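Visitor: Please present the model and take me through selected features of its fold.

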Amino acid sequence: MKRIFDFCLALLALSVLLLPITAIALLVKLTSRGPAIYWSDRIGRDNAIFRMPKFRTMRIDTPAVATHLLQNPQQFLTPIGSFLRRTSLDELPQLWSIVKGDMSFVGPRPALFNQDDLISLRSRCGVDKIRPGLTGWAQINGRDELPIPQKVSLDEEYMKRQSFLFDLHILLLTFQKVFRKDGITH
């Protein structure tokens, strides 16, 4: 049921948001060198690597590490990158990953391919068996500020509590967080 819900909701969202998605893609292209979409190698279900799209918010010469590991992330932002991140509009292309089945609306956020500590801890707890999500329990409980063990603990809690109603609760809380711009550091 979750996969059907994800697929239908993602298709609906893509059709409703087609104009804004197109406008954002054009703005990214017009304000910085490089492609509008950045394809990031991420860890999916069963630790399989998949390519996750995001609107590009960083310059093309940015090192391929998690943003919080950069010494001064601000220096790498594109002219509209900060706005896209603050509003979470950079995440809209991930609707495609949900349609494809690489992601779900709710689940642990997909780790970067080189976040070995996060991947290892998730595997030990069995969290790697869950399809990663656009948002998740850890996302609404701290987002980027959480240390990895705490993030994995929240991912494990989600795994144990997983249900359709809990997913709806997380989606509602996500909209509130995005609207208030909570937990966004760059």
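Visitor: In which helix is phenylalanine 164 found?

Guide: This is a predicted model, in which local features need pLDDT of at least 70, side-chain atom pairs count only at pLDDT 80 or more, and totals for chains, interfaces and linings use all residues. Residues are numbered from 1 along each chain as its sequence is written, and side-chain values use heavy atoms, with hydrogens and water left out. Helices (H or I, at least four residues) and strands (E, at least two) are DSSP runs, numbered from the N terminus. Phenylalanine 164 belongs to residues 164-180, that is, helix H8.

Visitor: Is phenylalanine 164 buried, partly exposed or exposed?

Guide: Buried means under 20% relative accessible area, exposed over 50%, and partly exposed in between (1.4 Å probe, protein chains only). Phenylalanine 164 has 34% relative accessibility, so the residue counts as partly exposed.

Visitor: How many bridges join strand E1 to E2?

Guide: Two strands pair if DSSP finds at least two bridges between them. E1 (residues 37-43) and E2 run antiparallel, and arginine 42 stands opposite phenylalanine 50 in E2. The number of bridges joining E1 to E2 is seven.

Visitor: How many residues are in the largest nonpolar core?

Guide: A nonpolar core is a set of buried Ala, Val, Leu, Ile, Met, Phe, Trp, Tyr and Cys residues joined through side-chain atoms within 4.5 Å. Val28, Phe55, Leu95, Phe105, Trp137, Tyr158 and Ile170 touch the most other members of the largest core. Elements giving two or more residues to this core include E2 and H8. The residues in the largest core number 29.

Visitor: How many residues apart in sequence are the parts tied together by glutamate 91 and lysine 54?

Guide: The side chains of this pair meet in a salt bridge (a side-chain nitrogen of Lys or Arg within 4 Å of a carboxyl oxygen of Asp or Glu), at 3.5 Å, N to O. Glutamate 91 is buried at 13% relative accessible area, and lysine 54 is buried at 14%. Because glutamate 91 lies in the loop between helix H3 (81-86) and H4 while lysine 54 lies in strand E2, the pair ties together parts whose separation in sequence is 37 residues.
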